[in-house]
Amino acid sequence: MKSAKQLKGRIEAAMRQAYPHVPERYLTVRGFGTSHSRLLAYLVRSAGSEVSAEELRMLTGDAVHTERRTRDLRDLGFHLDAFHTGGSDVYVLRSDEPDAGVGAALQLTRNIRSDKSISAAEGTSSLRSLGLG
């Protein structure tokens with residue numbers, strides 16, 4: 001597993017390669033911070049094994065947003081399963097490397113949808129034209 005900076009760079013490079021005509025402001029990975037890095041490092045060490053949601057909450061010190069941060073990791077292209085077993089929620093990271101193409105598409109979609117300078121209809125139209133809508 002690469003560092004957070006290398007991971008972001010890899011996804012951003014995949015975005016630029018797959019979507020060369022998209023404005024630069026959309027070709028960035030946003031919101032991947034320290035707690036994401038901490039969660040990912042822990043999950044990578046346990047790749048292929050079940051990790052309880054409680055373990056992840058203790059790791060981040062945040063019982064409220066841990067599930068959101070795991071979804072954010074999926075948005076970077078990580079295959080991270082979540083399910084309920086034995087009375088608790090668990091996560092399994094299937095690979096310690098993201099699918100950069102999937103991450104690129106999800107990050108671009110997120111960036112366009114969150115752009116307040118365009119209407120929702122313009123965002124949807126842009127995504128459709130890129131084959132993402």
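This is a predicted model: local features need pLDDT of at least 70, side-chain atom pairs count only at pLDDT 80 or more; totals for chains, interfaces and linings use all residues.
Modeller: A residue counts as buried when its relative accessible area is under 20%.

Biologist: In which helix does Asp72 lie, and which residues does Asp72 contact beyond its neighbours within four places in sequence?

Modeller: Asp72 belongs to helix H4. Once neighbours within four places in sequence are set aside, Asp72 is in contact with His36 and Arg110.

Biologist: Which residues are buried in H3, and what do they pack against?

Modeller: Ala53, Leu56, Arg57 and Thr60 are buried in H3. Down the axis of H3, the buried residues lie within an arc of 100°, so they too line one face of their helix. They pack against H2, S1, H4 and S3. Just after H3, Gly61 adopts a positive phi of about 70°.

Biologist: How does one describe the packing of two helices, and at what angle do H2 and H4 pack?

Modeller: Two packed helices are described by the angle between their axes and the distance between the axes. For H2 and H4 the angle is about 75°, and the axes are 10 Å apart. The two helices are therefore roughly perpendicular to each other. Ser35, His36, Leu39, Leu40 and Leu43 of H2 make the contact with Thr66, Arg69, Thr70, Asp72 and Leu73 of H4.

Biologist: Are H5 and H6 roughly parallel or antiparallel to each other?

Modeller: H5 and H6 pack at an angle of about 155°, with 9 Å between their axes. An angle over 145 degrees counts as roughly antiparallel, and H5 and H6 are therefore described in that way. The crossing of H5 past H6 is right-handed. Thr109, Ile112 and Arg113 in H5 meet Gly123, Thr124 and Leu127 in H6.

Biologist: Where does Asp115 lie, and is Asp115 buried or exposed?

Modeller: Asp115 is placed in the loop between H5 and helix H6 (120-129). With a relative accessibility of 14%, Asp115 counts as buried. Its side chain is joined to that of Tyr26 by a polar contact of 2.4 Å. Not counting residues up to four places away in sequence, Asp115 touches Arg25 and Tyr26.

Biologist: Turning to the strands, where does Val51 lie, and which residues does Val51 touch?

Modeller: Val51 lies in strand S1, residues 51-52. Its relative accessible area is 1%, so Val51 is buried. Residues up to four places away in sequence are again left out; Val51 then touches Tyr42, Leu43, Ser46, Leu56, Asp89, Val90 and Tyr91.

Biologist: How far apart are the C-alpha atoms of Val51 and Val92?

Modeller: Although Val51 and Val92 are 41 residues apart along the chain, their C-alpha atoms are separated by 6.3 Å.

Note on methods. Residues are numbered from 1 along each chain as its sequence is written. Side-chain values use heavy atoms; hydrogens and water are left out. Buried means under 20% relative accessible area, exposed over 50%, partly exposed in between (1.4 Å probe, protein chains only). Contact means heavy atoms within 4.5 Å. A polar contact is a pair of N or O atoms within 3.5 Å; within protein, one must be able to donate a hydrogen and the other to accept it, and residues adjacent in sequence count only if both atoms are side-chain atoms. Axes are lines fitted to C-alpha atoms, for helices over the stretch in contact, and angles run from 0 to 180 degrees between N-to-C directions. Angles under 35 degrees count as roughly parallel, over 145 as roughly antiparallel, 65 to 115 as roughly perpendicular and the rest as oblique. A crossing is left-handed if the near helix is turned anticlockwise from the far one by less than a right angle, and right-handed if clockwise. The arc is that of the directions from the helix axis to the C-beta atoms.
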